[in-house]
Amino acid sequence: MPRITVTVDGITYEEDVEPRLLLVHLLRDRLGKTGTPVGCDTSNCGACTVMLDGKSVKSCSVLAVQADGGDVVTIEGLGADGSMHPMQRAFHEEHALQCGYCTPGMVMAAIDLLRDDPDPSEETIREGLEGNLCRCTGYCNIVSAVRRGAQEMGQAVSKQ
Amino acid sequence: MIPAQFDYARPASLDEACQALASDEDAKVLAGGQSLLPLLRMRLAYPSTLVDVGRLPDLKGVHDRGDHVFIGAMTTHDEVVRSGVVTAGCPLVALATAMVADRAIRHRGTFGGSLAHADPAGDLPAVVLALDGVLVARSAGGEREIPAADFFVDYLESALEPGEILTGVKIPKLGAGWGFHYEKFHRTAQSWAIVGVAAAVKRSNGAITEARIGLTNMGEKPLRARATESALRGVELGDQVRLACEEAAADTSPPADLHAQPDYRRHLARVLTHRAVRTAAGSP
């Protein structure tokens, strides 16, 4: 069984993994990082989105062995000292969730989007989140939350 | 679902990877995994071994080689879209790649992987076909070049032999006077094209002198709309272009699925070809 070394939310783990183990199952079942849900399991919905080496990936479509040597950040690694990340707080403030199942992936995808555009327009946000589905259809509030989160992250210059 | 069991090999060199593939006909190359892993999870594929070429440095990167752009097979879609060499040398590739799937998948999925997968519903096969790309493959026996017209053989089947790995693609640069467009019709944001049309059009003194048109999801493999290409030659912009594009579905055998019946796909091919050609010719 291959042995991999992977850093998740700042802690480095060494794990023996079956080649077929998906990254999302490593996170949830082995490391207890259940903040990252399994959604559609067909790489459509984006609920399982995490950062791998600084870029968003759908963790149901990455093998754990592919993440060997990698640095993973999940929704659980965003906040510091028990406080929420600005993007998490913005989702809360803007009521950008109903059932909440898509939220971890939405937050990770939103943060990834800001790498390219720290002050994204509504159109940029909608396009940038095309790989993340909300079946409560709360997209309006999600877009507002990403705008607010971007501004609160201090990277934004208001375009209004 | 959880994939069926398989062995995993991470070769240290391209030669080692070729050997691993040649010694086991049920082995599959693992590149970014964005097409392969869903197939494994749905238990639609049962490879014995995955040969992970994801860490081989020789397969990554984009190079300007004068008359063509060389795109390494393991270059991710995200890297292709961000490459100044691609944007300058083969902008149609950049345009279409930006429409592949979604951001997270473009971070992992690779240019070579989506061609070797040979899915006629994928965007890039029709683009590479329209641009007369040449695919470069390596095996223990050496290297060979396969024109795109010969590379796509059938549904999910390429001309790659067991033991052969796609190492990169040569995309000839279009010279002055060429315009291009990719028109993709899909029902939801990140879904496959129901039909897609890649068009490159050359104009001189107002008339079209050459057109190259690739069709996505209009048959078992990506196709060229040859009848429309011929009909467009020498034509001025206007009604004649529309008439030429009426031939776009000639000699196609589009699939029937949940999204569309063949006759609807033929209709889409005609409409989208007209849009793509007009935009490529500079009159959207």
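Two strands count as paired if DSSP finds at least two bridges between them. Helices (H or I, at least four residues) and strands (E, at least two) are DSSP runs, numbered from the N terminus.

This is a predicted model, in which local features need pLDDT of at least 70, side-chain atom pairs count only at pLDDT 80 or more, and totals for chains, interfaces and linings use all residues. Residues are numbered from 1 along each chain as its sequence is written, and chains are lettered from A and ligands numbered from 1 in the order in which they are written.

**The open sheet of chain B**

In strand 14 of chain B, B:Arg224 is the bridge partner of B:Gly214. Strand 13 (residues 207-216) of chain B pairs with strand 14 of chain B in the antiparallel sense, over 2 bridges. The sheet is open and has 4 strands, in the order 11-12-13-14, with antiparallel pairing. Strand 11 (178-185) and strand 14 (223-224) of chain B each have a single partner strand, so one side of each is left without a neighbour in the sheet. Strands of a sheet pair through backbone hydrogen bonds.

**Domains of both chains**

Domain bounds come from an automatic or database domain assignment. Chain A has domain 1 (3-77) and domain 2 (86-152). Chain B has domain 1 (7-52), domain 2 (60-172) and domain 3 (178-280).

Two residues are in contact if their C-beta atoms, placed from the backbone, lie within 7 Å.

| Domain pair | C-alpha centres apart | Residues in contact |
|---|---|---|
| Domain 1 and domain 2 of chain A | 21 Å | 15 residues of domain 1 with 11 residues of domain 2 |
| Domain 1 and domain 2 of chain B | 18 Å | 13 residues of domain 1 with 19 residues of domain 2 |

In chain B, helix 1 (residues 14-22) supplies the largest share of the side of domain 1 that touches domain 2, with 6 residues. By class, that side of domain 1 of chain B has 7 nonpolar, 5 polar and 1 charged residues. Here Ala, Val, Leu, Ile, Met, Phe, Trp, Tyr, Cys and Pro count as nonpolar, Asp, Glu, Lys and Arg as charged, and the others, Gly among them, as polar.

UniProt, in an unreviewed entry, places the feature "domain: FAD-binding PCMH-type" at residues 1-176 of chain B. The annotation may be inferred rather than shown by experiment. This span is 33% helix and 25% strand, and its end C-alpha atoms lie 50 Å apart.

**Helix 2 of chain A**

Helix 2 (residues 86-93) of chain A has the buried residues A:Met87, A:Gln88, A:Ala90 and A:Phe91. They sit on the same side of helix 2 of chain A because they cover an arc of only 160° around the axis. The arc is that of the directions from the helix axis to the C-beta atoms. Buried means that 20 or more other C-beta atoms lie within 10 Å of the residue's own, with C-beta atoms placed from the backbone. These buried residues pack against helix 3 (103-116) and helix 5 (139-152) of chain A. Just after helix 2 of chain A, A:His95 takes a positive phi of about 50°.

**Where chain A meets chain B**

22 residues of chain A are in contact with 23 residues of chain B. On the chain A side, strand 4 and helix 3 of chain A each give two or more residues. Strand 4 of chain A gives the most, with 4 residues. By class, the chain A side divides into 7 nonpolar, 9 polar and 6 charged residues.

Notes:
A residue is buried if 20 or more other C-beta atoms lie within 10 Å of its own, exposed if 12 or fewer, and partly exposed in between; C-beta atoms are placed from the backbone.
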